[in-house]
Amino acid sequence: MVNLTKASRELFSRAPDERFDSFDALLAHCQERKFRAIEHWQPSQNIRIQQDAGQLLMRLEQAEDVTLSLSDWSFSQLCKLCDVHKETVNKVTAETASLVFRDALPRSRKPFQVYAANDTALAVHGTAYSRLFDAEVLQAVREAAPDFTPPPPGFNGATGLYAGEQDMFAFGIDDTGWVEIGDESFAPGFFVWNSEVGRRSVGVQTFWYQRVCANHIVWDAIEVVELTRRHIGNIQEAVDDVREAIAQLVKKRDERRDSFVSGIKL
């Protein structure tokens with residue numbers, strides 16, 4: 001048996017506005033974000049980092065100029081692309097920083113992906129990155145396990161269901177799915193996660209557990225299975241991986257529950 005701490009780390013790192021009370025609310029939020037999102041494919045020579053009133057802005061010089069503010073994540077990615085230290089850029093004025101990006105932004109024949117929503121650049125990637133929307137992952141979860149619910153709220157009100165600017169995490173359990181395995185009782189659960197901006201892989205972890213505490217540590221878990229995938233290549237295949245992993249958990253739950261009922265009747 002092992003103790004699983006992924007959900008506990010999320011509990012202590014998420015702001016209140018990243019918490020969702022139900023799976024449906026989390027899914028609706030991510031669907032709305034997908035609807036608002038725009039992917040701009042831009043040659044590097046069409047990207048300008050400029051300053052306005054002390055704020056850095058990204059200007060995309062396309063058919064109709066688009067000006068975007070920078071999130072902390074997209075700013076970090078720009079620094080990495082330009083091979084400059086974020087801490088150093090943060091120490092200089094916005095005007096000087098814009099000149100640094102102007103001179104250091106790599107020039108390439110391949111375009112950059114600029115992922116934006118609500119007039120903010122959320123991420124900047126090269127062509128190797130393959131985006132997978134949180135809503136697509138969550139929809140697969142909903143289809144595979146419609147009767148799973150979030151765990152009881154954590155001690156600080158954390159819900160186990162989170163979505164922020166950089167990533168998504170969902171914790172599901174079936175509190176009606178308790179079965180006897182050996183001489184002890186276990187219930188099925190899962191974690192699923194993704195990032196639309198490249199902060200983390202897409203992944204799913206399924207398990208059988210004995211207890212979830214107020215810190216959202218999953219205690220005494222068995223049959224732990226984890227699948228992860230980087231955002232490259234045909235990332236859409238990861239949706240099928242998530243759906244199949246949770247479907248297998250549900251299938252095992254049903255088999256064990258049916259076997260338990262049959263044993264009682266005997």
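**Close-up 1. M58 and L68 face each other across β4 and β5.** In this predicted model, M58 stands opposite L68 of strand β5. Strands β4 (residues 55–60) and β5 pair in the antiparallel sense, over four bridges. Pairing here requires that DSSP finds at least two bridges between two strands. Strands are DSSP runs of E with at least two residues, helices are runs of H or I with at least four, and both are numbered from the N terminus. Residues are numbered from 1 along each chain as its sequence is written. The model is predicted: local features need pLDDT of at least 70, side-chain atom pairs count only at pLDDT 80 or more, and totals for chains, interfaces and linings use all residues, while side-chain values use heavy atoms, with hydrogens and water left out.

**Close-up 2. Strand β5 also pairs with β7.** Two bridges join β5 to β7, and these strands run parallel. L70 stands opposite A121 in β7. Strand β5 covers residues 66–70 and is mostly covered, with four of its five residues buried. Buried means under 20% relative accessible area, exposed over 50%, and partly exposed in between (1.4 Å probe, protein chains only).

**Close-up 3. The cysteines form zero disulfides.** A disulfide is a pair of cysteine sulfur atoms within 2.5 Å. The count by this rule is zero. The closest cysteine sulfur to that of C79 lies in C82, 7.2 Å away, which is too far for a bond. C79 counts as buried because its relative accessibility is 1%. C213, at 16%, counts as buried too.

**Close-up 4. The largest pocket has a volume of about 220 Å³.** Its lining consists of W73, Q77, K80, L81, V124, H125, G126, Y129, V197 and G198. Two or more lining residues come from each of α3 (72–81) and β7 (120–125). The largest share, four residues, comes from α3. A pocket is an open set of points on a 1 Å grid over the protein atoms alone, where a 1.4 Å probe fits, with protein on both sides within 12 Å along at least five of seven lines; lining residues have an atom within 4 Å of a point. Grid points are joined across faces, edges and corners, and a volume is the space filled by probe spheres set on the points.

**Close-up 5. The second largest pocket has a volume of about 160 Å³.** T206, W208, E223, V225, A245, Q248, L249, K252 and E255 line this pocket. Elements giving two or more residues are β12 (202–209), β14 (218–229) and α7 (237–265). Helix α7 gives the most, with five residues.
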